[in-house]
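These exercises are for practice in reading a protein structure. Try each task before reading its solution.

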Amino acid sequence: MTQTTESPPTRETPAVAPMSALWPVIALLALAAAQAFGFLTSPPDRDMGHLQKIMYVHVPAAWNAFLAFVVVFGGSILYLWKRDERWDLLAAAAAEVAAVLTALTIALGSIWGRPTWGVWWTWDPRLTSTAILLVIIVGYLALRSFVDEPERRARWSAAVGILGALNVPIVYMSVRWWRTLHQPQSLPSTVDPAYAWGLRLNAIAFLVLMIWLVRARYRAATLERMRERADEREALGRP
Amino acid sequence: MSTRGRRAGIAVAAAVILGTFAYLVYGGIGENLVYFLTPQELAARGDRAYDVPLRLGGQVEPGSVVWNAQAVDLKFRITDGAHSVAVHSSGAPPQMFRDGIGVVVEGRYHRPGVFESTSVMVKHSNEYRAPKEGEKPAEMYRSLQTDAGT
């Protein structure tokens, strides 16, 4: 995006820095390279065949969804503590990315589960807790669009954001704490060396993608907030 | 609300959330969240085991699988080492179903002792292994059409 499209900075809000066009380029190239590496270097799994490739999206998406939830948690706590709306906007940006990555994790897990387990879905503790995670974060985004008053919106969504993020350790540990159909966490240490680097590289690529998306959405949220404030002023008839 | 009141409110909310979390982790809920029973637990249930919807999980007892492709009829036993339960299913098993693999079945346990299954699910481990020298990777799409099951 170029600087000409931006609204001029007002007295109260600082200018929003333009975003480097490098981020999307790096993120998408890293993702394409990591996926290509995974597809070209790994042999088909002994039991699953080429279904194993789903791991290169499902697992990195899940890890980075968890990280995005950590940002939601941090932003929410810091907002309640400092009452600085930038933390609220950061939490909201991370929540959008967390919602997308959680949905992606569930969708690909389901596609993998049908041929492997024999079912698209089952209510085991891992799947159920992940579904709850998705519902909470979608609820968070819905809540934001329903509440108009910015301060109240920030406070309420911070509470929901914290609640959602507290579910993350439960989701992660569910496969150890309870009996599940889902296998324990797949880590580079539990997979054949032939798959470990594909997993690591895709995790890094998804991390870059996640950071880019959070930054871009944070920037958009800041611009939206500025406009919201300008509209407010106009409605009140102030200059 | 005063700042003080709001702080107190947040503190109470935080305490409730953390309390719930701690209860989930260390409390009794973990024991009630049982996704499936093992054959041993099914046996320990006595009369309460029969004719109620259940999930049963364990290993497919090696050598116990009887698969009739014409009648689409599957019989096998699920074992946990200590006990084993006969399972009957009238549906094709998932492609990865085989001797010795972990499974979870849904259905009801009937007298005198057959688990009538409506759904057979294969539990995959978190170990991903490349085929060893000479082994062929599973071509699941093809094997489904040629010989479902064993």
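**Exercise 1.** Which side chain has a polar atom 3.1 Å from the backbone oxygen of A:R126?

Solution. This is a predicted model.
Step 1. Start from the backbone oxygen of A:R126; the polar atom lying 3.1 Å from it belongs to the side chain of A:S129.
Step 2. Decide whether A:S129 is buried or exposed. Its relative accessibility is 5%, and buried means under 20%, so A:S129 counts as buried.
Step 3. List its contacts. Leaving out residues up to four places away in sequence, A:S129 touches A:N167, A:V171 and A:S174.

**Exercise 2.** Describe the overall make-up of chain A.

Solution. 
Step 1. Count the elements: chain A has six helices and zero strands.
Step 2. Take the extent: along the principal axes, the C-alpha atoms of chain A fill a box of roughly 70 × 35 × 25 Å.
Step 3. Look at burial: 51% of the 239 residues of chain A count as buried.
Step 4. Look at the contacts in chain A with a separation of 6 or more: 76% of them are between residues 24 or more positions apart.
Step 5. Take the surface: chain A has an accessible surface of about 11,500 Å², and 69% of this belongs to carbon and sulfur atoms.

**Exercise 3.** Is A:A95 buried or exposed, and which residues does A:A95 touch?

Solution. 
Step 1. Locate A:A95 in helix α3 of chain A, residues 85-116.
Step 2. Read the relative accessible area of A:A95, which is 0%, so the residue is buried.
Step 3. Name the neighbors. With residues up to four places away in sequence not counted, A:A95 touches A:V72, A:I137, A:Y140 and A:L141.
Step 4. Compare sequence with space: A:A95 and A:V71 are 24 residues apart in sequence, and their C-alpha atoms are 8.2 Å apart.

**Exercise 4.** Which residues form a nonpolar patch on the surface of chain A?

Solution. 
Step 1. The members are A:L67, A:V70, A:L207 and A:I211, and together they have about 290 Å² of accessible area.
Step 2. Find the helices behind the patch: α2 (55-82) and α6 (193-235) of chain A each supply at least two of its residues.
Step 3. Check one member. A:L207 is in helix α6 of chain A. Patch residues need over 30% relative accessible area; A:L207 has 31% and is partly exposed.

**Exercise 5.** Which residue forms a salt bridge with A:R83, and which with A:E85?

Solution. 
Step 1. A:R83 pairs with A:E151, with the closest N and O atoms 3.3 Å apart. This pair links distant parts of the chain, 68 residues apart: A:R83 is in the loop between α2 and α3 of chain A, and A:E151 is in helix α5.
Step 2. A:E85 pairs with A:R229, and here the closest N and O atoms are 2.9 Å apart. The two residues are 144 apart, A:E85 in helix α3 and A:R229 in helix α6 of chain A.
Step 3. A:E85 has 26% relative accessibility and is partly exposed, whereas A:R229, at 18%, counts as buried.
Step 4. Widen the view: A:E85 and A:R229 belong to a network of salt bridges that also includes A:R153, A:R225 and A:E228.

**Exercise 6.** How many residues lie between β5 and β6 of chain B in their hairpin, and where is the cis peptide bond?

Solution. 
Step 1. Three residues lie between the two strands of the hairpin. The strands β5(B) and β6(B) run antiparallel and are joined by nine bridges. One bridge pair is B:E106 with B:S119.
Step 2. In the turn, B:G113 has a positive phi of about 155°.
Step 3. The cis peptide bond joins B:R111 and B:P112, with omega about 5°. Most peptide bonds are trans.
Step 4. The side chain of B:R111 also meets that of B:D47 in a salt bridge, 3.6 Å from N to O. B:R111 is exposed at 52% relative accessibility, and B:D47 is exposed at 59%.

Methods
Residues numbered from 1 in each chain as written. Chains lettered and ligands numbered in written order. Predicted model: local features only at pLDDT ≥ 70, side-chain atom pairs only at ≥ 80, totals over all residues. Heavy atoms only, no water. Pairing = 2+ DSSP bridges. Helix = DSSP H or I, 4+ residues; strand = E, 2+ residues; numbered from the N terminus. Patch = residues over 30% accessible without salt bridge, like charges linked within 9 Å, V, L, I, M, F, W, Y side chains within 5 Å. Areas by Shrake-Rupley, 256 points an atom, 1.4 Å probe, with all protein chains shown as cover. Salt bridge = Lys/Arg side-chain N within 4 Å of Asp/Glu carboxyl O. Buried < 20%, exposed > 50% of the residue type's maximum accessible area, 1.4 Å probe, protein only. Polar contact = N/O pair within 3.5 Å; in protein donor to acceptor, adjacent residues only side chain to side chain. Contact = heavy atoms within 4.5 Å.
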